[in-house]
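Here are my notes on the model you sent.

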Amino acid sequence: MSLTVAFTLNGGPVSVAVEEPERLLDTLRYRLGLTGTKEGCGEGECGACTVYLDGLPVNSCLVPTYQVRGARVETIEALDPDQLGPFLEQGATQCGACTPGVVMTALWISAHSELLETHTVRELMGGNLCRCTGYDGIVDAVATTIGEVGEGGTGKRESTAG
Amino acid sequence: MQRREGLAKLTGRERYVDDLPLEGALWGMTVRSPAPRGRVTLVRFRPEVDWSEIVVVDHRDVPAANEILLIERDQPVLAAGYVRHVHEAVLLVAHPSREMARRAARAVDVVVAPEPPALDFRASPRPEQIQYGRDNVLKRLQIAKGDVEQALARAPVVVEGVYETGAQEHVYLETQGMIAWLEDDVLMVKGSMQCPYYVLNALQHALGRDERRVRVIQTPTGGGFGGKEEYPSTIALHAALLALKAGRPVKMVYDRPEDMASTTKRHPSLVRHRTALTTDGRLLAQDIEVVLDGGAYVTLSPVVLSRGIIHAAGPYACDNVRIVGRAMFTNAVPFGAFRGFGAPQTLFALERHMDVIARTLGLDPVELRRRNLLRDGQTTATGQVIRDGTDRIAVLERALALSGYREKQRSHEAFNAAQRSQRRGIGLATFYHGAGFTGGGEVHLNSRLQVAGLPDGRVEVLSANIEMGQGTLTVFTQIAADRLGLAPEEVVIGEPDTARVPNSGPTVASRTTMVVGRLIERAVDDLRNRVGLDDRARGAAVQDAILRWHREHRGERLVGEAVYERPPGISWDEERYQGDAYAAFAWAAYVAEVEVDLRTCTTRVIDFVAVQEVGKVINPTLARGQVQGGVVQGLGWALMEECKVEDGAMINNQLTNYIIPTSVDVPPIRVAFVENPYPHGAQGAKGLGELPIDGPAPAILNAVAAATGADPRAVPLTPERLMQLQSAEFGVRNAE
C-alpha cells in the first residue's frame, strides 16, 4: 500500500509517496536523490546511513519512512562544507563509504560538547564503523573540531618520520 | 597534499555505483545453491511470482565460455547442473523493482542431490570427497635452501609448533556492486573494482566479445582490501548477462548479508614449524609446512600460497630452510585475495613461533630476533641477497624505544602482582612484506601507462589503477606534479576506463605507488622529451611547451608513455623457486601492549606502536592512515573476527554478529617511519598497503602470552578460545 508522507527535509518541506515498509534510507536515496547517505549494513550496526531526526542522529536504515511524518530530517547534504577542514587535515576519510555517517555523528558531538564530560570521543563515535582509517584520523578530527587536545594522545601526535 | 577527493567524500557528493542514476534500469538478484556439493536435479519457479515480468538468466545464456577467466578456468559464471559450494550462483533474475526482484529470487527452489562435501582442509580427503586431481590439492609449492634434515639431526635444540588462522571477511563498507547496459553495440560495465582489466578480460572471455565491444569503467570504490580484486568479474558478468538478455540496463548491488555469505574471504591456514637452533638462539634450520584452504575453485589460491610460503621464514638469516606449501580444494565458498595475500597467515605462525622458541629456550624474545634479523649481504629463504642498506636492528630498536618496551615490562610485573584479575603484557613482531607482484609477475604484467599533455596545458595521468581509499588519486597527482614542477590542480587523473586508459596492471600487491608511480615519472619524462624539453624543465616552461605543441599539431593527442622495466640485478627462477622474489621489501617492528581480564577472558589492546621502513614516505597523512587502518584490521583478525561456518555456509554473515573493531575497541595506533629511499620506486617509495596487516596478530598474541602465561596458537583469540586455554591450563584449580 502506498502512503504519502510529508516532512521537513534539510530545512524545506517535502511530500513523498512511499510503500508502507519503505526505509527512510531508501526514500532519501532512491526517491529524493539524496545519495550522500550511504548503506553499509542495513541493520543499524555501522552508522553509514546516519541522519538527524528532529536533531538526533539515527540510523536511517532502521527508520520506516512513515515514522518521519511531520518530523525534521537533516542529511549530509545540509551540512556546511566549511566545517570539514579538520577532517581533511587529519585524514578522517579514506574510501569514503562510512564518511557521511561519520561526519554526521562527529559534527553532532561537536555541537554537544557537554557529552565529553561523561564520554570520550571514542565512545561517542563507537556507533560508526570505519574499515580504513583505524579511527585515529576521525578521533583527531573530532578533537580538533571541538578544540580538545585531551583524549590521552592519539596515534597521530606520536607519529614521526626520519 | 591533502586527499584530492576528500571534500567530495566528506560532503557525500562522491558518487559510488549505487549512487548513479540509471534510466529504466532493472535490479538484478542472484539465486544461489543451498548445498555445498551435488547435482542440481530441479529448478522450480514457485507460482507466487508472475514470472512473465521477470527476466531470468541461467548458464545456457552465457554466449561463449561458461568460465570466469582467472588463473584456471574451473569456475563457471553460473552453475551448469552441478554445484561445488553453498551460495554458488545458479540463476539470475531481474525486475524494475528491487523488492520484486528479491521476491522472485526467493521464489526459486534449487534442488540439489547432495554428494559428500570436503569441508575440512586440514584432514586428508576420503576417496568420495575427492574432486580436484588425485588428492584435492589445488597447488603445491616448495622452497629449499641448504640441508634441513642434516641441520635438524645435528642441532642441539629443535622447537616445534602448529599455528592456525581463520577466515576473515573484508568488510569494505561499500558492498560489491555493478551496473551494465548496452550503448549501441558496446557493452558498458561500471562498478566497484580494483582491476578494470581483469573485469574486461573476464567479460570478453565468457561473452565472446572483442575489446571494442566491451568497456569497463571503475566507479569510486568504497574499500577493497583485495575483496574487489577478482570477485568483481563475477558480479560484472552477472549484471552483463541480465542486461544483454533484458535489453535494458541492470544494476546489481549486494546487501551486506549476501556480500558476506557469498564473496571471498582470507584463506584459513595451518602452519607447522620445526626449527633447529643453537642453545643461544641462532637459527640453524627452519622446516615449515603451510596448508591453505582454497575453497571450491582455484581463484587466486596458487599465488596466495606463493606469497605465503615466500614470507614464511621471515626476515631472518638461516642457512637451511625447507618450506612446503599446498592449497586444498574444499567445498567452501572460494577464498581469495585479502590484504597481505598469504603473508599474514605465515608471518603470524612464524612470529608467534619465535616467542614459543624464546620461552622454550629461556631467551628474551627481543634478543632472539636481534640475533637472527637479516643483515645486508645475507639471504632470504629463496636465496635473495638483501642489500638495501636498511638497518633492520634500528627499526626494532626504534619500536622498543617508542613503546617503552623495557619500562613497560617492569611496570607490568608490579601491576600483575597487585591486580587480582587484570594482567598486562607486551609483545613484539618483526617482519617484512615484499612489494609488487611475486617473482616474474611484474615482468609478465608488462604494465603500460600514459601521461597526456592536454590542449589547455594541463597534464592527465592515464592509468588503470584505482582509488579505493588508499590514496591513489592524491599520490599520483603528487608524483606527476612534483616531477613537472606543476601545481596539483594542473594534474588530472583520468577515470579508469578501459576505452581510454592503458593496462597499467591491477591495483593490488602494494604496487601502485612504487611500481605504477614510477611509470608516471617515466611517462612524464617521455612527455617532456616529446615537446622538446629535457628532464630539468619544470613549471611554466613545460606548460608553455605543451601549449605550443598543440598549436603546431591541432587535433592530435600528445602522449608520453612508459612500460615496466625490471630494476637491474633482479632475477627469479620460477622452476626452482629461487632468486629475487620481490624487487623490494618493506621492513617493520610492531609492539602491542594488552590487558587481559582473567574473569571474562577479554583482551584489550591498550597501546600499539608500528615502526616501518617503506622507503621514502610520499604523503605522511596518507601513509600513517594506511598503517593505522591496517593495524586495526589486523587487530580484528587477531581478537574478534570469526567466520562461523555450518555445512559450508557462513552463519554469522551480518555486522551484528561478525564483529569488527569500533573506535572503542582500539587504542591510538602510534606510527613511525624509518626512511631509506628505494631508487626504483616513485620518489623513493616502496609498497606500504599490505605490510601493516602482517604484524598485529602475532604481536598481540605474544603480548597475551606474556600477560597470562597462556600459549595461544590460533587466531582469532576470542574470549571463548582464551577461556578454553585457561581452563586447560588451570583445569585442576577450576575443578575444585
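**Notes on the predicted model**

1. Chain A contains six helices and six strands. Along the sequence these follow the pattern β-β-α-β-β-β-α-α-α-α-α-β. The model is predicted.

2. The radius of gyration of chain A is 17 Å, close to the 15 Å that the globule rule gives for 162 residues, so chain A is as compact as a globular protein of that length. Its C-alpha trace spans about 65 × 30 × 25 Å along the principal axes. Of the 162 residues in chain A, 53% are buried. Among contacts in chain A between residues at least 6 apart in sequence, 57% join residues at least 24 apart.

3. Between the chains, 52 residues of chain B are in contact with 51 residues of chain A. On the chain B side, helix H1 (6-10), helix H16 (620-639) and strand E27 (669-673) each give two or more residues. H16(B) provides the largest share, 10 residues. By class, this side has 22 nonpolar, 18 polar and 12 charged residues.

4. Chain B has an open sheet of six strands in the order E7-E15-E14-E13-E8-E28, with mixed pairing. Strands E7 (137-145) and E28 (714-715) of chain B are at the edges with a single partner strand each, so one side of each has no neighbour in the sheet.

5. E28(B) pairs with strand E8 (residues 157-165) of chain B in the parallel sense, over two bridges. B:Val715 in E28(B) is the bridge partner of B:Thr165.

6. Helix H8 (residues 343-361) of chain B lies across E8, E13, E14 and E28 of chain B, and runs at about 140 degrees to E8(B).

Notes: Residues are numbered from 1 along each chain as its sequence is written. Chains are lettered from A and ligands numbered from 1 in the order in which they are written. This is a predicted model: local features need pLDDT of at least 70, side-chain atom pairs count only at pLDDT 80 or more; totals for chains, interfaces and linings use all residues. Two residues are in contact if their C-beta atoms, placed from the backbone, lie within 7 Å. Helices (H or I, at least four residues) and strands (E, at least two) are DSSP runs, numbered from the N terminus. Ala, Val, Leu, Ile, Met, Phe, Trp, Tyr, Cys and Pro count as nonpolar, Asp, Glu, Lys and Arg as charged, and the others, Gly among them, as polar. Two strands pair if DSSP finds at least two bridges between them. Axes are lines fitted to C-alpha atoms, for helices over the stretch in contact, and angles run from 0 to 180 degrees between N-to-C directions. The radius of gyration is taken over C-alpha atoms; the globule rule is 2.2 Å times the number of residues to the power 0.38. A residue is buried if 20 or more other C-beta atoms lie within 10 Å of its own, exposed if 12 or fewer, and partly exposed in between; C-beta atoms are placed from the backbone.
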